[in-house]
Amino acid sequence: MHWRRITVILGGIVVVVGISIVVGWPLLTKAMLSYYYQSVYRARYLTAADIQPAPAASTLQDMPWIAADLPVCQSTSLQMIAAQHGNHQPRPAIDLLMAFTYGFTTIPDSDELIPFGQDPEIGMLVAAPYLGLKRQYYVTDDPDLWIAAARSFIAQGYPVRVALDMGRLYDHPTFVAHSDILAGYDQDGFFVYETVCLSPAPCQPGQYPAGADGLYRTHAQLLAAMESQAAVFGYPWRYNLTVFTPVAPVSDFKPIWQQLARVTLGADQYGPTSGVVALERLIEKIEQKRVNSAQLGELFATTARFRHDNAAFLRERFAADTTLVQAAAYLEEAATRYEQVASDPQSGSVTDLLRRAAAAERAFGEAMQAYVR
C-alpha cells in the first residue's frame, strides 16, 4: 500500500485498529473505533435546528484558494480557513500547531511507515484555538440533511471542510484519504477548493485569489467520496463536515511543545509504533531485507521537505529563542540525511544515514521535552 493513500490513518486511529487486529474480534474493532471517533473527534450529529435558510447559490468571496504540491491536505485546509478569518499563516505554522508533519507512524500489519505523527482531526482540534478558531465537527447519515447543512454554513460565510476519498471524488480507482474545502455551491453541487494539486486532482498547485471558482463536484460525487472514506475507516456515520467559528485566541504554547515531543519520540507500547521508535524499527527491517528499497525514495524525499520546512519556520518565528533554534538544527540534520537516502535508496549506507537521522529526531524530541519542564 502506498503511504500517500492512507495519510489520515494516524495517532489514535492506528492504535485502536492495531489493538483490535491483535485481539482479532471484529465486533470489538467496530465498538472501539466507534467509541474513539465519537469521543475524541467530539462529533455532533446534525439536526434541522443547525440549518438556516440558504439561497439557491452562494460563493465565498473572501476565501483564498491555496493548493499544495505535497500531501498536506489537513494543514492546508486549516491554513485557508484561518486566512479567511484574517489570520494569514504559512503552512509550516499550521503543521507545528497540529503536529502534523512531525514524527512517523507505522501502518498496522505491514512494514510501511508514513511521515505523519498524529491523527489530523485531533491536530485540528488542538490547533484551532491558537488561530482564534473553534472547531465544530458535524456528522450525519442523511444525505439531504448534509447537503442542506453544507449550503447553510457556506451561505452564512463559513467554508465547509470535509474528509473524503480523493480518488472517488475525481472518479479515480485509487483510494486516497483526504481533506478538502467547499467554498461555494449551486443547485446541483459544490465548488471545491482542492488542498493538494497532485494526481488525481485536475488542478495546479499555487495560491489563487479569493472568490476563485474552484473545482466543481456534484452532490453525488461528494456524497460518494465521503461514503468511501467512512467505509474504509469505519466511521460510525456516513457524512461529515467541519466548520470553524471565531473565538478569542489562546497563547500558552506549552501544550504545543509537549505534543511535538510526544509525536516525535513516539512509542511502541500499544498498537503500531510511532515517532523515532518507528523509524528505528524500519532500520532494523531494512537490515533484515524486509523492506523494498525502492519504496524508500519517495517516503524520505517527502520527509526531508517536511523537516526542512519545519526547521526553517522554527528558526524564523522563534529566532530569539536559542533552545528552539537549536531544536531546528536537529530537524535540519535529519532532513539532510533523509535527502541522502532519497537520492540513492539502494545504497549500502542507507541504514547508517537513517540512524543519524533517528539520533537527530530523538534530540529534537528530547529538546521539546526539556523545554516545557
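Trainee: Let me start with Ala 68, in the loop between β3 (65-67) and α3. Why is Ala 68 called buried?

Mentor: Keep in mind that we are looking at a predicted model. A residue counts as buried under 20% relative accessible area. Ala 68 has 11%, so the word buried applies.

Trainee: Which residues is Ala 68 in contact with, leaving aside its neighbours within four places in sequence?

Mentor: Thr 76, Thr 195, Val 196, Cys 197 and Pro 205. Leu 46, by contrast, is 22 residues from Ala 68 along the chain, and their C-alpha atoms are separated by 31 Å.

Trainee: Now for helix α3 itself. How do you know that its span agrees with what a helix should have?

Mentor: Helix α3 runs over residues 73-84, which makes 12 residues. At 1.5 Å a residue it should span 16 Å, and its end C-alpha atoms are 17 Å apart, so the two agree.

Trainee: And what makes α3 largely enclosed by the rest of the structure?

Mentor: The count of buried residues: 12 of the 12 qualify, so α3 is described that way. Among them are Cys 73, Leu 78, Met 80, Ile 81 and Gln 84.

Trainee: Why is α8 called mostly covered?

Mentor: In α8, 11 of the 15 residues are buried. His 219, Leu 222, Met 226 and Phe 233 are among those buried residues. Gly 234 follows α8, and its phi is positive, near 75°.

Trainee: Lys 285 lies in helix α10. What makes Lys 285 count as buried?

Mentor: Compare its value with the cut-off of under 20%. The relative accessibility of Lys 285 is 16%, so Lys 285 counts as buried. Apart from neighbours within four places in sequence, Lys 285 is in contact with Ser 110, Asp 111, Arg 290 and Val 291.

Trainee: Then there is Asn 292, in the loop between α10 (275-287) and α11 (296-317). Why is Asn 292 called partly exposed?

Mentor: Buried means under 20% and exposed means over 50%, with partly exposed in between. Asn 292 has a relative accessible area of 44%, so it is partly exposed. Pro 345 is 53 residues from Asn 292 along the chain, and their C-alpha atoms are separated by 9.4 Å.

Trainee: Let's step back to the protein chain. How many helices and strands are there?

Mentor: The protein chain has 13 helices and 12 strands.

Trainee: How do you know that the chain is as compact as a globular protein of that length?

Mentor: The radius of gyration is 20 Å, close to the 21 Å that the globule rule gives for 373 residues, so the comparison holds. The C-alpha atoms fill a box of roughly 60 × 50 × 40 Å along the principal axes, and 57% of the 373 residues count as buried.

Trainee: Among contacts between residues at least 6 apart in sequence, what share joins residues at least 24 apart?

Mentor: That share is 73%.

How values were computed
Residues numbered from 1 in each chain as written. Predicted model: local features only at pLDDT ≥ 70, side-chain atom pairs only at ≥ 80, totals over all residues. Heavy atoms only, no water. Helix = DSSP H or I, 4+ residues; strand = E, 2+ residues; numbered from the N terminus. Expected span 1.5 Å × (residues − 1). Buried < 20%, exposed > 50% of the residue type's maximum accessible area, 1.4 Å probe, protein only. Rg over C-alpha atoms; globule rule 2.2 N^0.38 Å. Contact = heavy atoms within 4.5 Å.
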